Amino acid sequence: MKDIDSQPSWFMFHYYREQSKIIENFNGFGYESYSVMQKRPIQIGIYYLVEFARQEEQRESRSSTVGSQRCSRIQMEGKVALVTGGAQGIGKAIVRGLMEKGASVALIDIAVEKGEEYKNVLDKEFGSDKSLFIKCDVTKKDQLKDAFQKTVERFGKLHIVINNAGINNEKNWEKTINVNLTGMIRGTHLGLKYMRTQNGGEGGLILNMSSLAGIMPVAHQPVYTASKFGIIGFTRAIAAASDVGQYGVRINTICPGFVNTDLLQTIDKEENMGEYFQYRDNIKAMMDQYGIHEPTSVVQGVIDLIENENLNGAVMKITVSAGIHYEEYGPQYQPKM
Ligand SMILES: NC(=O)c1ccc[n+]([C@@H]2O[C@H](COP(=O)([O-])OP(=O)(O)OC[C@H]3O[C@@H](n4cnc5c(N)ncnc54)[C@H](O)[C@@H]3O)[C@@H](O)[C@H]2O)c1
Ligand SMILES: CCCCC/C=C\C=C\[C@H](O)C/C=C\C/C=C\CCCC(=O)O
């Protein structure tokens, strides 16, 4: 990572920032940029350097006070994780990824058969004491509360919560809000209850699964989009609360593009898409255009967010074209403390 704290870098940054004001004044609202490029190539070069430095500064400012050392990494051996929607798709892949790193995992899912079947597979591979399947509907307050309690009773502690369970249903849109947003908010509150240092927890990490549909509006999925935008807003705000309140818990979101799971099959179902069913070929064309990930790409993002102790309130994006990268927010979009 580029170290802009070193004196020469800071000097360069301030120098370029001053230069950029000249460019910005000259360039007005931007519509003259072509003629500007012809007339002022040096300033344009400087402008791009300033932009690079500005983005570096934002990347630095995303670092949380929760992690004390820059780029410090936690070990996952001996850690305890809870993953919602862990019986299939992305959640299933995350469970395996965490266990391969040495964590014990509680997989929480409404799908009993798939959950139990997967637990049997995991038992053979990692030993029966390393995982737990708990039947739970994340929209049911008491069931989710019990699932967290059982996890802590069984493993003695909790360090990582992945709120991943999600659906795509525009027709029954209230259910989409309940699973995708309400379930995630409850899962975050429960995670904080058990992990906050003030409550006797050891601190840890909460990761809420959003989507690229949480950053850009998707025409054929307005409610899914709303739920995923909501997750990002909620997560960034509560991450700031964690910073201020020194909970010792980092809270981040992850936003994949299309991932090869059963969720993508919902576009071919009228009972899921409702009035947007007619646009299924447009959606398939989008998939062809942007490409589809395998769930393992998302696992890599999850591991990166867990291991990098400096990230809190971060919004990770995963696209086929750019891989793992982060959404950048200008100062006006930073949480108010
Ligand atoms: N597949 C994609 O293209 C994609 C892209 C970006 C984000 N996501 C998000 O990733 C997450 C996982 O999606 P996926 O693609 O693996 O889907 P999936 O349908 O394959 O898996 C979802 C899992 O969640 C479980 N689940 C659903 N409702 C539940 C409930 N009420 N309580 C408990 N468990 C419940 C299901 O049983 C299933 O095991 C979702 O939040 C989704 O929005 C998916
Ligand atoms: C666009 C409708 C998708 C319908 C499929 C059902 C659910 C899948 C939802 C995922 O969360 C993905 C949602 C939207 C992806 C949006 C943009 C495409 C990716 C762009 C890119 O990779 O650069």
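Student: What volume does the largest cavity have?
Tutor: This is a predicted model, where local features need pLDDT of at least 70, side-chain atom pairs count only at pLDDT 80 or more, and totals for chains, interfaces and linings use all residues. Residues are numbered from 1 along each chain as written, ligands from 1 in written order, and side-chain values use heavy atoms, without hydrogens and water. A cavity is a set of points on a 1 Å grid over the protein atoms alone where a 1.4 Å probe fits but cannot get out. With volume as the space filled by probe spheres set on points joined across faces, edges and corners, the largest cavity has about 30 Å³.

Student: Which helix gives the largest share of the lining of the largest cavity?
Tutor: Lining residues have an atom within 4 Å of a point. Among them are Thr84, Val138 and Asn163. Helices are DSSP runs (H or I, at least four residues), numbered from the N terminus. The largest share, three residues, comes from helix H7 (residues 173-195).

Student: Which residues come nearest to ligand 2?
Tutor: A residue counts as near with a heavy atom within 4 Å. There are 17 residues around ligand 2; nearest come Ser211, Met216, Val218, Gln221 and Tyr224.

Student: How far is a polar side-chain atom of Tyr224 from an oxygen atom of ligand 2?
Tutor: A polar contact pairs N or O atoms within 3.5 Å. For Ser211, a polar side-chain atom lies 2.7 Å from a ligand 2 oxygen. For Tyr224, the distance is 2.5 Å.

Terms used
Polar contact = N/O pair within 3.5 Å; in protein donor to acceptor, adjacent residues only side chain to side chain. 1 Å grid on protein atoms, 1.4 Å probe; cavity = no way out; pocket = protein on both sides within 12 Å on 5 of 7 lines; lining within 4 Å. Helix = DSSP H or I, 4+ residues; strand = E, 2+ residues; numbered from the N terminus.
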